[in-house]
Structure formats: structure tokens, C-alpha cells
Amino acid sequence: MKIGLIGTGLMGQALSTHLLAESQPLIIYNRSSEKSDALRELGAEVATSAQQVVEKSNICLLFLSDAEAIHTVFDSIAPASFDSTLLIQMGTIAPEESRELAQRVNAMKGRYLECPVLGSLPEARKGKLILMAGGSEADYQTALPLLELIGNAPQHIGDVGQGATVKLAMNQLIAGLTASFALSLALVEKEGIKTEQFMGIVRDSALYAPTFDKKLNRMLDRDFANPNFPTKHLAKDTRLFLSVANELGLDTSALQGIDSLLGKTLEMGLDNTDYSALMAAISPDKK
């Protein structure tokens with residue numbers, strides 16, 4: 001089996017590194033070729049086009065920023081090239097966008113599985129991502145040996161669109177937990193309460209989530225550099241969730257406030273920083 005991967009941004013590069021360490025034959029493509037140089041040195045074959053990746057791989061992983069970027073890549077590939085290739089879409093897109101991609105791939109006699117991932121760069125490098133697949137049982141079983149290299153206990157959620165739905169639900173929790181923790185932390189910080197005393201109470205309570213400690217020092221130090229998951233991506237995913245939830249008649253008032261905070265964070269020029277930068281929007285200046 002030869003694996004293709006299109007999109008060697010942060011996550012695509014981290015996962016490629018892991019697959020190469022597992023001695024998997026890998027062909028990659030990225031529009032910005034310099035992002036592929038380090039992977040070439042690790043043994044990846046670097047293609048000159050997305051079409052070449054699809055033609056030379058049995059399974060092709062897509063790590064692209066959004067559905068529009070995926071359609072743009074598909075536009076550059078001759079329809080006959082998709083024949084029998086299994087494409088696995090691993091980014092965060094809306095359920096309906098995923099279903100439209102599946103229809104397009106199937107019309108070109110290709111196979112389509114969505115499998116968005118939860119986790120950041122360390123998990124990708126170790127093959128410890130959480131995987132949420134949506135698609136036919138046959139395509140899932142074809143992909144399963146590879147998915148088991150990428151993450152522990154991959155989950156087959158159901159039909160195309162349902163894996164995408166679960167991923168949006170999880171990313172909404174990321175936004176909600178991070179914003180809520182930043183606001184509480186900012187309050188005790190402003191009142192001069194010892195952070196460790198506050199955190200001790202949080203850790204002993206049913207309210208504790210491990211992400212609080214992961215983001216604590218970044219928020220206290222206002223150091224949001226070297227992100228595993230940039231603020232701009234959380235902002236994009238939050239807008240996606242709002243769009244889908246509003247169409248389903250859900251009350252999204254709480255998330256709308258977080259969306260506003262994310263917009264403020266982007267306006268502050270923190271789009272390419274870690275999403276803990278929400279703290280900067282909530283409390284720009286420490287007491």
C-alpha cells in the first residue's frame with residue numbers, strides 16, 4: 001500500500017513524520033513546496049502535483065484548511081485519476097460540505113471517507129490522534145490498518161457527515177472550555193488571588209479539565225507563540241459550528257459571545273498564535 005498525503009501544514013507535516021518513522025511509503029504534495037523539504041529528507045517522495053499523488057497512491061489523506069481548498073485541489077486533478085483511489089478527508093469541515101465532496105468523488109469513481117482528527121502536533125507525531133470516521137463500512141475497513149497507525153481505537157461514527165458533526169461538536173467544546181477558563185483565570189488574577197490556590201480548588205473539583213493545565217502557563221505569561229492549533233483555525237471552526245447549529249434551530253447565544261472574542265483576538269494580530277490567546281482578548285493587561 002502506498003499512502004498519499006496532500007497538505008503538509010502543521011498537522012500534515014507532523015503526521016507525515018510519524019508515518020515515515022513507521023516505514024510507510026509516502027508521497028506528498030503541498031502548494032508551497034518548501035513545506036515538503038524536511039519530509040523529503042526523511043524519505044518522502046515529493047510530487048509535483050496533487051494529481052500525481054492521487055494517481056500513485058492507494059489511499060490519499062487530505063489535510064487542507066477548508067472545503068473550498070479541497071475543491072480547488074480537486075479542480076486541478078483529471079477526473080479519471082480518482083478511479084478506485086480512497087480519499088480520506090481529515091480536516092474540520094461542515095457535514096454538508098463533506099457530503100458534497102463525497103458525491104463529487106463518487107461521481108468520478110473514487111472512494112471517499114471522512115475522518116477528522118482530534119489532537120495536536122505531539123499526538124500526530126506519536127500516532128495518538130483521536131479519529132472519527134464517517135462513510136461506508138467497506139471504505140472504513142479498507143482504511144482501518146492505516147487509521148490504526150494514526151490513532152488509538154479509531155471510531156466509525158456512521159455515514160458521511162456524521163464524523164464531521166462529531167468533530168465540530170468537539171471543537172465547540174475546545175472553544176467553550178478555553179474561553180470559560182480564561183475568563184475565570186482573569187478574574188482571580190485581577191483580584192490578586194494566588195493562581196496555585198485557585199488551581200488547587202479547580203483540580204479537586206468535578207469542573208476540572210486537563211486542558212486547563214495545558215493552557216495555564218501560556219495564559220499567565222501571555223505567551224502564545226509556537227501553536228499546535230492556531231487561533232485562526234479555532235475561529236474558522238467556531239463559525240462553521242454556528243452555521244450548522246443555526247440551520248438546525250439550536251440556540252447558539254453562548255457560542256456567539258465566544259465567536260466575538262475570537263474575532264477580537266484575530267483583530268489583535270494573534271491569528272497565527274495558540275488559541276489560548278483568547279486570554280489576551282479577555283484580559284489584555286495583567287493586574
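**Contacts, strands and cores**

Leaving aside neighbours within four places in sequence, Met11 is in contact with Phe63, Val117, Gly119, Ser120, Leu121, Ala124 and Leu129, where contact means heavy atoms within 4.5 Å. Before I go on, the provenance: this is a predicted model, in which local features need pLDDT of at least 70 and side-chain atom pairs count only at pLDDT 80 or more, while totals for chains, interfaces and linings use all residues. Residues are numbered from 1 along each chain as its sequence is written, and side-chain values use heavy atoms, with hydrogens and water left out.

Back to Met11, which lies in helix H1. Helices (H or I, at least four residues) and strands (E, at least two) are DSSP runs, numbered from the N terminus. Is Met11 buried or exposed? At 18% relative accessibility, Met11 counts as buried; buried means under 20% relative accessible area, exposed over 50%, and partly exposed in between, with a 1.4 Å probe and protein chains only. The C-alpha atoms of Met11 and Leu64 are separated by 9.6 Å, and these two residues are 53 apart along the chain.

S1 and S2 pair in the parallel sense over four bridges; two strands pair if DSSP finds at least two bridges between them. Leu5 has Ile28 as its bridge partner in S2. From S1 the chain crosses through H1 to S2, and this β-α-β crossover is right-handed. By that I mean that, with the strands pointing away from the viewer, the path from the first strand over the helix to the second runs clockwise.

S2 is also joined to strand S3, residues 45–46, by two bridges, and these two strands run parallel. Here Ile28 has Val46 as its bridge partner in S3. S2, helix H2 (residues 37–42) and S3 make a right-handed β-α-β unit.

Which way do the side chains of S2 point? Leu26 and Ile28 point one way and Ile27 and Tyr29 the other, and all are buried. In a regular strand the side chains alternate between the two faces of the sheet.

Ser57 sits in the loop between helix H3 (50–56) and S4, and is buried, with a relative accessible area of 7%.

Next, the cores. A nonpolar core is a set of buried Ala, Val, Leu, Ile, Met, Phe, Trp, Tyr and Cys residues joined through side-chain atoms within 4.5 Å. The largest one has 32 residues, and those with the most contacts inside it are Leu61, Ile88, Met90, Leu147 and Ile150. Among the elements that give two or more residues to this core are strand S1 (3–6), helix H1 (10–21), strand S2 (26–29) and strand S8 (130–134). Which element gives the largest share of this core? H7 does, with six residues. Apart from this core lies another, of 25 residues, among them Ile6, Ile77, Leu87 and Leu101.

Not counting residues up to four places away in sequence, Ile88 touches Ile59, Cys60, Leu61, Leu62, Leu113, Cys115, Ala143 and Leu147.

Last, two backbone details. Lys109, in the loop between helix H5 (95–107) and strand S6 (111–114), has phi near 70°, a positive value in a residue other than glycine. Lys109 is exposed, with a relative accessible area of 63%. Ala153 is not a glycine either, and has a positive phi of about 45°. Ala153 is in the loop between H7 and strand S9 (155–158) and, at 57% relative accessibility, counts as exposed.
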